[in-house]
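Please look over the sequence and the coordinates before reading the notes below. They are arranged by topic and meant to be read beside the structure.

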Amino acid sequence: MTDSVDRRLVLRRLGQAGLVLGASGTLGALGLLSPGRFRQQAKARALPDHRVAPDPRFPPLAVARGSDPALLVRAAIERLGGMQRFVRTGDRVLLKPNMAWDRTPEQGANTHPAVVAEVIRLCRAAGARRVIVADNPVHDAQRASQRSGIRQAVAEVGGEIVLPEQCGFTRAALRGSVLDAWEVMSIFFAADKLINLPVVKSHSLSLLTCGLKNHMGLLGGTRARLHQEIHASLADLAAAFRPTLTVVDATRVMLRGGPTGGRLDDVVARNTVAAGTDPVACDAWAARQLDLDPREVPHIVQAEGKGLGSLAAGMGLIEEIHAGA
């Protein structure tokens with residue numbers, strides 16, 4: 001009788017274990033379990049390359065100065081051949097501003113809403129079917145998009161804002177020296193073109209934040225892990241994300257207290273926008289706006305070492321366009 005009870009108990013336990021394992025497999029297939037749990041790993045998707053072909057008629061970087069952010073955006077992009085060089089009729093364009101912080105435009109923590117709005121206008125004029133603005137904010141996403149002024153600016157010119165809660169994440173192959181695979185906002189994979197719209201700021205860990213670091217806002221997961229090897233991680237992101245165009249907002253530059261900021265005393269008006277097809281040159285130029293030597297910023301040097309652009313192109317004598325007053 002005891003043997004019979006023991007056999008029934010063993011069979012019951014085996015059945016329960018089978019149900020648990022079967023359920024975990026089903027949940028893993030549905031993406032409801034975190035990667036790695038129960039050894040379930042979603043297949044990492046390759047990242048598309050959004051670059052356009054180089055054109056020797058145009059410089060890798062153009063800089064415009066003046067008081068009107070929209071005019072600056074227009075002038076800098078026109079010097080590169082105009083938005084029609086980058087966006088074709090029917091394209092779905094993803095804009096990646098810095099929209100990470102619950103801060104006002106005057107505080108300089110996020111990309112200026114007028115810069116975002118003008119890029120949307122130019123994309124629409126070039127024939128874009130959809131212009132999507134996306135970021136994974138550090139602060140509350142709804143508050144950050146609203147208080148930054150970006151949500152209203154996007155709505156006024158016919159763009160769309162997509163936040164992580166609306167699109168979720170897809171596991172992507174980054175194939176970097178530090179970052180192998182990571183979760184990326186799923187809307188990224190629906191885009192034909194990628195325009196990076198960083199703001200120039202100081203950063204307590206990486207020295208500065210501009211285009212190369214702005215890609216971090218497309219990631220999900222525990223992004224604080226990247227801080228353990230920040231410069232190598234940023235160089236890996238630069239190799240993984242290949243934007244069509246980078247438009248650097250230096251209308252207000254946060255000299256201290258970055259990346260969060262908050263003190264108006266830490267922000268200075270530079271009234272400048274740079275646009276480029278060379279992301280390394282864009283970051284090198286941005287470093288100079290913070291009085292940094294880009295040769296002493298490890299992730300810029302490492303990105304150049306990966307063949308992603310020219311540091312010297314952002315340090316040399318750059319022709320400046322004066323747009324408006």
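Where pLDDT is low, the predicted coordinates should not be read in detail.

**Helix α3**
- Helix α3 covers residues 113-125, and its 13 residues reach 18 Å from the first C-alpha to the last, close to the 18 Å expected at 1.5 Å a residue.
- The buried residues of α3 are P113, V115, V116, A117, E118, V119, I120, L122 and C123, and α3 is followed by G127, whose phi is positive, near 105 degrees.

**Cysteines**
- The structure holds zero disulfides.
- C123 is buried, at a relative accessible area of 0%, whereas C167 is partly exposed, at 23%.

**Aromatic rings**
- The count of aromatic pairs comes to two; in one of them, the rings of F188 and F189 have centres 5.3 Å apart and planes at 85 degrees, so the pair is edge-to-face.
- F188 also forms an edge-to-face pair with F241, at 5.2 Å centre to centre and 80 degrees between the planes.
- This pair links distant parts of the chain, 53 residues apart, with F188 in the loop between β7 (181-185) and β8 (193-197) and F241 in the loop between α8 (230-240) and β11 (245-254).
- Ring pairs thus link F188, F189 and F241 into a cluster, in which F188 is buried at 1% relative accessible area, F189 is buried at 14% and F241 is buried at 1%.

Key: Residues numbered from 1 in each chain as written. Predicted model: local features only at pLDDT ≥ 70, side-chain atom pairs only at ≥ 80, totals over all residues. Heavy atoms only, no water. Helix = DSSP H or I, 4+ residues; strand = E, 2+ residues; numbered from the N terminus. Expected span 1.5 Å × (residues − 1). Buried < 20%, exposed > 50% of the residue type's maximum accessible area, 1.4 Å probe, protein only. Disulfide = S-S within 2.5 Å. Phe/Tyr/Trp six-rings, centres within 6.5 Å; stacked < 30°, edge-to-face > 60°.
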